[in-house]
Every structure is written in C-alpha cells, then in structure tokens.
Amino acid sequence: NAGPHGTALIAAMLGQRGGFSYPKSIHTVVDAVDAMVWGRSEALVLDFFAGSGTTGHAIISLLRRGEAGRSFLLVEMGEYFESVLRPRITKAIYSPDWSSGHAEFHDKGVAAFVKCFALESYEDALNNLPVPSGTLLDGRTAEEKDALITYSLDLELGPSLLNLDAFR
C-alpha cells in the first residue's frame, strides 16, 4: 500500500505532506531489490528516474538490515530533488524512524557517502559564463550573442573570453 508506506512515510520524514505525488511503497521496492540482488555479495542498483528516492531508501534499509555490499546511483531532474529526494536520502541514512520531520531515535545511521552532481548542457554552461566587456559580443542582440557563443566560440573568439575557473 503506497499510502502509509509511501506518502505517509515521506510526510513523517520531511514533516509535511504534498512534496511528491504517489511515491512507491518502500516495502515493495525493498522486496524487488532484494529479489534482484539475491545471493550477490555486491550490487549496484541504478535508478534513472529516482523520483522521491524510494530506491535509495530501500538500499539504505537493506544496509541497515546487515546486507552489506549494496550501493545505489540515483538520477533525477525534477524540481523536487532539493525538497524531497536529497532530504529523504540524508534522513534515511541518519535514522530509520521519523515523526513530523524529527528522528525518533538515532542508531548511528549506516555507513554511507552521498555525492550530488548538477549537470547542465554545454550551451547553458557557456551562456552562464560571465563575458568581459569590450569584446566581440558588445552591441549584439541576445540571439546573436547566443549564436556566437554556441557555434563559433572556439573558432572566432578563442579561449580568452572564457572564464575557465567559472566554467570548471
């Protein structure tokens, strides 16, 4: 039942309802992951549509049960990454039981390392760079600037326009 084991679970962890519509039941995902990795000493579970983070939470639950060697990679592009997914994973690592956004107890968590990456397209990265004044882009319309940056930066402008530290 996704009501008490999905929606209500997230509400208890985050202290509010409505952050994510129709999250899966954690028990269903734990059972599915357990069946898929049965008998393997190590397994990497990939979820390219992470949503509310149920898959990551399920792996954390398996780790807490003593099933070492499980790891996960979550990918999500929804606007709820910061409001639901990341807080849920962080809280699931810290404690298994939550009420109104507060841990009911702390059991030293599980050994976990979480790293988040934000990706953007090459064109967006170039458009977000600060461009010094007095360059070929001065006096151009937004469309002309976009075309110059997107298609001819390497050929016509050279690397001197790029703020490589900001780009990195």
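Predicted model: local features only at pLDDT ≥ 70, side-chain atom pairs only at ≥ 80, totals over all residues.

Colleague: Good. In what order do the elements of the protein chain run from the N terminus on?

Modeller: The protein chain has 7 helices and 4 strands. Of its 168 residues, 32% count as buried. Reading from the N terminus, the order is α-α-β-α-β-α-β-β-α-α-α.

Colleague: Are α3 and α4 roughly parallel or roughly antiparallel to each other?

Modeller: The axes of α3 (residues 54-64) and α4 (residues 81-94) come within 9 Å and cross at roughly 10°. Angles under 35 degrees count as roughly parallel. The two helices are therefore roughly parallel.

Colleague: Which residues of α4 does α3 meet there?

Modeller: From the α3 side come Thr 54, Gly 56, His 57, Ile 60 and Arg 64. By class, this contact has 5 nonpolar, 3 polar and 2 charged residues. The α4 partners are Arg 88, Ile 89, Ala 92, Ile 93 and Tyr 94.

Colleague: Which elements do the buried residues of α3 pack against?

Modeller: α3 is mostly covered, with 8 of its 11 residues buried. Those are Thr 54, Thr 55, Gly 56, His 57, Ala 58, Ile 59, Ile 60 and Leu 62. Just after the helix, Gly 66 takes a positive phi of about 100°. As for packing, the buried residues go against α1 (2-14), α2, β1 (43-47), β2 and α4.

Colleague: On to the open spaces. Which residues are closest to the centre of the largest pocket?

Modeller: The largest pocket has a volume of about 660 Å³, and 24 residues line it. Elements giving two or more residues to that lining are α3, β2 (70-74) and α4. By class, the lining has 19 nonpolar, 1 polar and 4 charged residues. Closest to the centre are Leu 73, Leu 74, Val 75, Lys 115 and Cys 116.

Colleague: And the second largest pocket: which elements give two or more residues to its lining?

Modeller: About 200 Å³ of space lies in that pocket. Its lining is Leu 9, Ile 26, His 27, Val 30, His 57, Ser 61, Arg 64, Arg 65 and Pro 96. The elements with two or more residues there are α2 (26-36) and α3.

Colleague: What about cavities: how much space lies in the second largest cavity?

Modeller: The count comes to 2 cavities of 30 Å³ or more. The second largest cavity is lined by Thr 7, Ile 10, Ala 11, Gln 16, Arg 17, Gly 18, Gly 19, Phe 20 and Pro 23. Those residues divide into 4 nonpolar, 4 polar and 1 charged. Its space is about 40 Å³.

Colleague: Is Ser 95 buried or exposed?

Modeller: Ser 95 lies in the loop between α4 and β3 (98-99). Setting aside residues up to four places away in sequence, Ser 95 touches Arg 64, Ala 103, Phe 105 and Asp 107. Buried means under 20% relative accessible area. Since Ser 95 has 1%, it counts as buried.

Colleague: Last one: what is phi of Ser 100?

Modeller: Ser 100 is found in the loop between β3 and β4 (102-103). At 56% relative accessibility, Ser 100 counts as exposed. Most residues other than glycine have a negative phi. Ser 100 has a positive value, near 55°.

Key:
Residues numbered from 1 in each chain as written. Heavy atoms only, no water. Axes fitted to C-alpha atoms, helices over the stretch in contact; angles between N-to-C directions. Parallel < 35°, antiparallel > 145°, perpendicular 65-115°, else oblique. Contact = heavy atoms within 4.5 Å. Nonpolar A, V, L, I, M, F, W, Y, C, P; charged D, E, K, R; others polar. 1 Å grid on protein atoms, 1.4 Å probe; cavity = no way out; pocket = protein on both sides within 12 Å on 5 of 7 lines; lining within 4 Å. Points joined across faces, edges and corners; volume = space filled by probe spheres on them. Buried < 20%, exposed > 50% of the residue type's maximum accessible area, 1.4 Å probe, protein only.
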